[in-house]
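Me: I would like to learn how to read the places where chains meet. Can we go through one example step by step?

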Amino acid sequence: MPEYAPVHAKPHCFYERYERKAELQHQTHYCPGCGHGIVHKLLAQAIDGLGIQDRTILVSPVGCSVFAYYYFDVGNIQVAHGRAPAVATAVKRSRPESIVISYQGDGDLAAIGSAEILHAANRGELITVIFVNNAIYGMTGGQMAPTTLLGMKTTTSPQGRTAAGEGFPIHVCELLASLEAPAFIERVALGNNQQIMRAARVLRRALENQVKGAGFSFVEVLAQCPTVWGMQPVEAQKFVREKMTGTFALGNFRDRRG
Amino acid sequence: MADRGSVELNSEECKGCGLCVEACPPKVLKLSARFNQYGYHPAEYTGAGCTGCGICFFACPEPGGITVLRLAA
Amino acid sequence: MAKQLAKGNEAAVKAAVAAGCRAFYGYPITPASEIADAAAVYFPAAGGVFLQAESEVAAINMVYGAAATGVRVMSASSGPGISLMQEGFSYLAGAELPCVVVDVMRGGPGLGNILPEQGDYHQVVKGGGHGNYRTLVLAPDSVQEMADFTALAFDLADEYRNPVVVLADGSIGQMMEPVQFPAPRPVRAAPPWAVTGERATRHNLITSIHLEAEDLEGHLRSLEAKYRRAEQREVRAESWRIEDAEIILVGYGIVGRILKAVVGQGRHHGLALGLLRPITLYPFPKARLRALAARAQAFVVVELSNGQMVEDVRLAVEGRRPVEFLGRMGGSLPSAEEVLAFVEEEVFSHA
């Protein structure tokens, strides 16, 4: 019999079992095909790869990823809606040796927390921000997000988002790229294999930047929300690839090495 | 000749989303006809042809859903 | 160390540094701005962190972050900013994080003005944020107490793992008086529950979420037990010529000082007045007031508000005695003569 050895297995910095509902402690709380699960895995791989598990503090937001602390075996701080960058600011300034990750969704970061992200970026806080953009409020049941595409129907834009009524989708990377302080800004996506592997490299880079003290690093991940979009996961992935990237151009907006 | 790779799928962690099936370049993964205990059709390896590329691991949203192995040198 | 002449707002900062606090996150607002100004000098000088936040919302969440890592941390503001911080107080209390916030009260509602008032009593003492929690509240009547209570607030915050507010007003914040500052204390080690970014604390979690009904109720019952413990152990109030008093004047902060003059003048006119000055507004000196109600004839509550603390006095007295209220608002302070005239008119003329 040929001998096979594992090359890709569950990252070490995930807990073995998750402290949640008793019968579901071996599964995430995410819906099938959810982009958060993929981002979690890529992030966990990066933490493992850089050997920073003991030093990492994850600031988890409000939204579907509110329970990120179920999974990551790192220091965990769960915070109020939109405030993760403010909390992360003080965490890093209090514990400069720690690696601080601020993880947020689109409603959290680009609506209620728009001030906090802008100013954390403008101060050039030595933190890594992961921004999962799925163009919808998932946890509350599918309301319009600041990044909802024009024409996209949500429970609070039932006729489809219009520029005249609800404004255009907010391009956060481009906004932050107008600031001088950020060291790294990139938008990636989960729309196909190449995009996922690019996202893996970029997430690692954004963390490595912090290890090296390069400065504020920001990664926007265009991700699918199959359940609330009302699509099969594969169809939702296609929507990321074909529709979301049309509104939100992929690419690097800032790459200043420390 | 033995396949270069192999893949282990955790059928009780799997939610049957099918992203790994879509991602697999040699198309050696499929959704099972059977149900797991949560009522999902879990992904399964057809049993031959895995190259060990690892893409399915990255495409899978579940932390321990997929383990990719390669033929020991 | 000799006494130093200091402004109330500056005294809070120096006392905080002496108490081992090395982190300040705030946003400027009159009449509390000198706290941020002084913190911008004294915190970095002590090797600490000072950061001017983009808003009070951000400031209190920065306080949350620093507290989560186990350092002593403070902020300061005034009414409009405290309103914005209420979200943070709720999360801090829910996650059981210690911190100190100084509220130098000004006139409200809305922008009101920048003159001294005591209109934040309800939002601070009753907890203006959502959910079942309390903040411990200390009310200084002098620059000395501004220093002493700020230092004490850090110890109470640690003891109860809860936000503590030093509730001052514009007059205390702005006045200058000689102060004996507390001796500097070393920076304390991080508590065992903190998330410090080290291997030993990797499994720690700071959160205010308890999804299951029984979990949240259990958490809230433990918070309640903590608050009951504070009610038993931390009540502080100053009694002034109260032993033989027939009329008990009740006022906190700067009002307490005016009422001392009223007691003196009243006694000069043959009126048996005394003063009870609550120092902890939560926990409130209910038992003291209740005991006084057994023998005093009446209570007169004076506030720089529309009558907020008076509700707690009435709850404590439980209808046993009349409780009269004199409130001034908008930045006007009552004179001793005005209060004395009120006492003679409202209480003695009806007796």
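Reply: What follows is a tour of the contacts between the chains of this predicted model.

Me: Which pair of chains shares the most contacts?

Reply: Two pairs of chains are in contact, and of these, chains A and B share the most contacts. On that interface, 34 residues of chain B meet 35 residues of chain A.

Me: And how far apart are chain B and chain C?

Reply: Chain B and chain C do not touch, and their nearest C-alpha atoms lie 19 Å apart.

Me: How do I put a size on an interface?

Reply: The size is often given as the accessible area that is lost when the parts come together. For chain B and chain A, about 2900 Å² is buried between them, with 65% of it on carbon and sulfur atoms.

Me: How many salt bridges are there between chain B and chain A?

Reply: The count there is zero. Polar contacts are another matter: 16 residue pairs are in polar contact across the interface of chain B and chain A, both residues being at pLDDT 80 or more.

Me: Which elements of chain B give two or more residues to the side that touches chain A?

Reply: They are S1, helix H1 (19-23), helix H2 (55-59) and S4 of chain B. S4(B) gives the most, with six residues. Sorted by class, the side of chain B that touches chain A has 20 nonpolar, six polar and eight charged residues.

Me: What does S4(B) pair with in chain A?

Reply: S4(B), residues 66-71, is joined to S1(A) by four bridges, and the two strands run antiparallel. To follow the pairing in the viewer, look for bridge partners. A:Tyr4 has B:Leu71 as its bridge partner, and A:Ala5 has B:Arg70.

Me: In what order do the strands of that sheet lie?

Reply: The order is S1(A)-S4(B)-S1(B), which makes an open sheet of three strands with antiparallel pairing. S1 (4-8) of chain A and S1 (5-9) of chain B stand at the edges, each with a single partner strand, so one side of each has no neighbour in the sheet. On average, neighbouring strands of this sheet are turned by 35° against each other, direction ignored.

Me: Now the other interface. How many residues does each of chain C and chain A bring to the contact?

Reply: Chain C brings 34 residues and chain A brings 34 residues. The area buried between chain C and chain A is about 2700 Å², and carbon and sulfur atoms give 59% of that. C:Glu54, C:Arg202 and C:Ile209 supply 22% of the area that chain C buries against chain A, more than any other three residues.

Me: How many salt bridges are counted between chain C and chain A?

Reply: Five salt bridges are counted. In one, the side chains of C:Arg202 and A:Asp54 meet at 2.7 Å, N to O. There are also 13 residue pairs in polar contact across the interface of chain C and chain A, again with both residues at pLDDT 80 or more.

Me: Which elements of chain C each supply at least two residues of the side that touches chain A?

Reply: Strand S3 (49-52), helix H3 (56-68), helix H4 (79-94) and strand S10 (205-206) of chain C do. H3(C) gives the most, with eight residues. By class, this side of chain C has 18 nonpolar, 10 polar and six charged residues.

Me: Which strand of chain A is joined to S10(C)?

Reply: Two bridges join S10(C) to strand S3 (residues 75-78) of chain A, and these strands run parallel. A:Asn76 has C:Leu205 in S10(C) as its bridge partner.

Note on methods: Residues numbered from 1 in each chain as written. Chains lettered and ligands numbered in written order. Predicted model: local features only at pLDDT ≥ 70, side-chain atom pairs only at ≥ 80, totals over all residues. Heavy atoms only, no water. Contact = heavy atoms within 4.5 Å. Buried area = accessible area lost by both parts, 1.4 Å probe. Salt bridge = Lys/Arg side-chain N within 4 Å of Asp/Glu carboxyl O. Polar contact = N/O pair within 3.5 Å; in protein donor to acceptor, adjacent residues only side chain to side chain. Nonpolar A, V, L, I, M, F, W, Y, C, P; charged D, E, K, R; others polar. Pairing = 2+ DSSP bridges. Axes fitted to C-alpha atoms, helices over the stretch in contact; angles between N-to-C directions.
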